[in-house]
Amino acid sequence: MELEFTTRTTFDKVGTRPPRPDGTDKVTGRALYGADLAGADMLVGKVLRSPHAHARILAIDTSRAEALTGVKAVVTRDDFPHIGPEGTVKGEVEESVWDVARNVMARDKALYEGHAVAAVAATSTAVARQALKLIDITWQVLPHVTDVDEAMRSDAPLVHEDMITAGMDPVPEEPSNIAEYRKVEMGDIEAGFAAADVIAEQSFRTEAAHQGYIEPHACVASASEDGLAELWCCTQGHFSVRDMCANILGMDLASLRVTSSEIGGGFGGKTTVFLEPVALLLSRKSGRPVKMTMSRDEVFRASGPTSSTSITARIGATRDGRITACDATLRYQGGAFPGSPVGIGAVCGMAPYDCPNVVLHCYDVVVNRPKAAAYRAPGAPMAAFAIESLLDDIARKLDIDPVELRLKNAVKEGSSSVYGPTFGPIGFEECLETARDHPSLEAVPGPNQARGIAAGFWPNFGGQTSVTVNVNTDGTVLVSLGTPDIGGSRASMCLMAAEELQIPYERVKAIIADTSALGHNDTTGGSRVTHSAGLATIEASRKVIDIMKRRAAATWDIDVDAVVWDQGCVRPSGANAGDHEPLTFDAIAAMASATGGPIAGHAEINAEGAGASFAVHVCDLEVDPETGRVTILRYLAVQDAGKAIHPDYVEGQYQGGVTQGIGWALNEEYIYGSDGVLQNPGFLDYRIPVASDLPMIDTVIVEVPNPGHPYGVRGVGETPIVPPLAAVANAVSRAIGRRMTETPMSPPRILAAIDGTS
Amino acid sequence: MRYEAPRTLADATGMLASCQGTARVLAGGTDLLVALRSGLVEPELVVDIKRIPGMADIVAEDGGWRVGAAVPGAALGHHDGVCRAWPGVVEAVELIGSTQIQGRATMVGNLCNASPAADSVPAMMAAGALARIAGPDGTERDVPVGDVAIGPGVTSLAPGELVASIFLPETPARSGDAYLRLIPRTEMDIAVVGAAVSLTLDEGGCCTAAKVVLGAVGPRALVVEDGAAAILGTTLDDEALAALERVASAAARPIDDKRGTVPYRRKVAGVLARRAAHIASRRAGEKS
Ligand SMILES: Cc1cc2nc3c(=O)[nH]c(=O)nc-3n(C[C@H](O)[C@H](O)[C@H](O)COP(=O)(O)OP(=O)(O)OC[C@H]3O[C@@H](n4cnc5c(N)ncnc54)[C@H](O)[C@@H]3O)c2cc1C
């Protein structure tokens, strides 16, 4: 049943900023993260990883490792059931099980430096490490390719010898590293460019960025002799972990219970499995619980960063600043397996603009790098980097203010979007106007300083969600959620339940229940949780109210239609219903046992109606013209949240997205040597911003309610990382008088641009 | 691995000398512990020098300052005398790591780790600092700081030797020093280029003594003799500073790596040398 609602606009509790329920345990160190659980007789699991970027595994000899005292199990490809690309899939799995299975343990070939080739479980870390050194592998080293453009050449080494590009007409006869080609088309591109008075065109490149979560991947697995198993892990989606592990290991979904720990950052990177199936297998083989944790170095080498890209784009506009056409070719590498976010990224770039003529050529490419994983608005920041840079060039050519140019072309309610749907009520124009009128824009840039403006878009997702709201007899309420809390969602759910039930926020607690306690929940991702789990929480709360009304009516022995829910009480609807004292929420909760038993509301939904979120960012920075070093002076992020349930965490999302985007723009990159080995697998040389690098990031929450949610919520987590690459690039380009087309815009690269040697 | 925390210098050097396998001195541990964790070194013996009396002291000597081998950056930064005498050395030490790292990291550890990018080393060399080296037989010798770290990860210390202290000499009137480094971030990073300048002015503002030292542009910190020559006898006017920039760039012997290219490091070496000289001369002027 779909919840019927009209979106409300006045609130009691929603929009306030109470302390988060998980805060105390996090700041005191009591919260349990992935590596914080211990089982009796627990073993330590460690992974042996390929030192080669691309190599055939001719033989694996584990006998010396197995003979080492303290080693309790060794697993290799031979211990995994064969699945094959054709295997049937159970549960809710979004990635190819065969690809993920080959990613968690290499089969015939190691496809990137860091690819897992064997694992051991031993009584101590020291023994496990020693055992890894005793595993003998016979390699046949193969030529490799890590660059997306090089990988597309016909003479490039093939990552998969048999891969034929999907989506091509005619079907290519020869295999290549292009996994898929897709074309997105709208209008008449030729006519669009013919109508243009100015055209801006450039090629752009972005290097891969890692999500940079502070907590490395970690899990504890315990498989028992009866075929059941339990898994504790740090993930954004324990249901999908269960389904993926069960598929890889040939288990029933009911035989594996997965509990998600507290999570120290995910940003999309914890939406798949790496260690989990291996730990389960080691536990099954050793008969003991096994804990596995990645080192930081392993996180960089073996878990998924986002794609590196190469984009060529062209935008045409009339003299008065109307965009007439855009065509772009986007090439994204997804690491060693298909599945880069090129398709969604491509459409996000142009989505904010009402452009009638668009052609996007999208190439999904494989290279010898770790399998790409989702990273906050997957694919969108790179496309926006290209599109928003070109728009800035057009604004300069036409001498139009960059905000005005965007206002002239902004999509609004009723505009058709390049990704398909026609927009409902959206807040892009409001964001542009808010940014334009913000006091921080009064600052006048000094010498070597400049301002960069860029917009961003993310469609937001809904999806399957299951929530239970339990009422205790003392009137407190427990909300059971199945979507791991990565951004303060427990606080938001408590606020929404408290709002519906009209009880104090402090009376509501929320937990993340394990996979055996609730129906399926899609992963926390796509900025879906506050919307979808919020919807389910509200629906479950309304069911609680229905039950309470029935209990009160039964107590008064009147029809349920003769009672109303009003300010946290059930009361007779009018004089005809009888003269009964209102029953409070607490009173009805207290008499649960006498009136029919426990009171609980459920919602099992497949949420729709996620509203798109737009943002406008303004970046003021200074470039040291002699060193190319950039200092961010001011940064403003304006974004439509629909309705900010807990404004602190909405602002936190804006600031966090900006921070990650600035890091990506300025310094973050995967650096490969000519041997295909990653040279900077650590936070020393993979430079995420430190606190002192950034000013306080100004935020403004715009609220144009989303009609797809009872309170108007839009997801906000992803859009904020979309504009920064372009906002920074536009500012740097204006400051130095040359267009920057590549990330990271590190000091050497900017100095080379200034000196004209790039 | 054996961990020892001796109470005398003689015990410490004795233990180091008698160890058959790899032995390592532990000061703040901000390099050593990272190396241990990552399996980069697997020493048989670790000798912690922090329990040796006097190791964490800063004492006045001959108009200068003797800084013990276990003095952490934070303590140096709070020492008024050293801050007044050698602000460039102090700012170099304070650039190391973060607040947490500063509570542990020492100048001597920075020197003996022998990284070509070590921040405090160019500043110490420009200051004419001496390292006091203690040997197993109770001997002590003083050597210029520049002679201790002789290549990436390599020191001139003989087995059984350790650095007991650093001596920062008396500063003549109207002297100043400065250290600048280029990192892409604002902290928690390794110098792409570092430049230290120490100089003395006469009453007319004319430079009578100067040392220019570059970091991270060669296998060890590099003394730029021509750089000193470019500013000696000048008032550090624009022309002299431009000359310094030129010769410092020319003197740099950088490599291409993940932190920077050869042309980039070369150019920035000159820029930082010029800027450091400017700051040093301003500081010297303020002390007249
Ligand atoms: C997060 C972080 C940030 C950092 N940032 C910087 C930075 O910005 N700039 C920079 O230059 N460095 C940096 N470093 C490196 C390190 O902090 C410095 O080199 C520091 O000065 C080392 O001092 P320590 O006392 O901790 O040395 P330790 O780790 O104790 O020792 C370093 C080396 O010197 C040897 N040694 C120590 N004392 C003696 C002695 N008395 N005699 C002989 N040998 C000795 C040790 O055996 C070891 O090989 C950073 C390190 C970390 C972890």
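Start by selecting helix 20 of chain A, residues 747-755, where the buried residues are Pro747(A), Pro748(A), Ile750(A), Leu751(A), Ala753(A) and Ile754(A). Keep in mind as you go that this is a predicted model.

What covers those buried residues? Show strand 24 (613-623), strand 25 (630-640) and helix 19 (724-736) of chain A, and then strand 11 (175-182) and helix 11 of chain B; the cover of helix 20 includes these elements from both chains. Before leaving chain A, click on Gly756(A), which follows helix 20 and has a positive phi, near 70°.

Next, move to chain B and select helix 10 (residues 238-251) with helix 11 (residues 262-286), whose axes come within 7 Å and cross at roughly 140°. Angles over 145 degrees would count as roughly antiparallel, so helix 10 and helix 11 of chain B are oblique to each other. Their crossing is right-handed. To see the contact, display side chains on both helices: helix 10 of chain B contributes residues including Leu241(B), Leu244(B) and Ala248(B), while among those from helix 11 of chain B are Ala269(B), Val271(B), Ala273(B) and Ala277(B). By class, the contact has seven nonpolar, three polar and five charged residues.

Last stop: the ligand. Its surroundings comprise 30 residues, and the closest are Ala27(B), Gly28(B), Thr30(B), Gly109(B) and Asn110(B). Now colour strand 2 (23-26), helix 2 (32-37), helix 7 (107-112) and strand 10 (162-168) of chain B, each of which supplies at least two residues of the shell. Which element gives the largest share? That is helix 7 of chain B, with four residues. Colouring the shell by class will show you 18 nonpolar, eight polar and four charged residues.

Definitions and conventions:
Residues numbered from 1 in each chain as written. Chains lettered and ligands numbered in written order. Predicted model: local features only at pLDDT ≥ 70, side-chain atom pairs only at ≥ 80, totals over all residues. Axes fitted to C-alpha atoms, helices over the stretch in contact; angles between N-to-C directions. Parallel < 35°, antiparallel > 145°, perpendicular 65-115°, else oblique. Left-handed = near helix turned anticlockwise from the far one by under 90°. Contact = placed C-beta atoms within 7 Å. Nonpolar A, V, L, I, M, F, W, Y, C, P; charged D, E, K, R; others polar. Near = placed C-beta within 6 Å. Buried ≥ 20, exposed ≤ 12 C-beta atoms within 10 Å, placed from the backbone.
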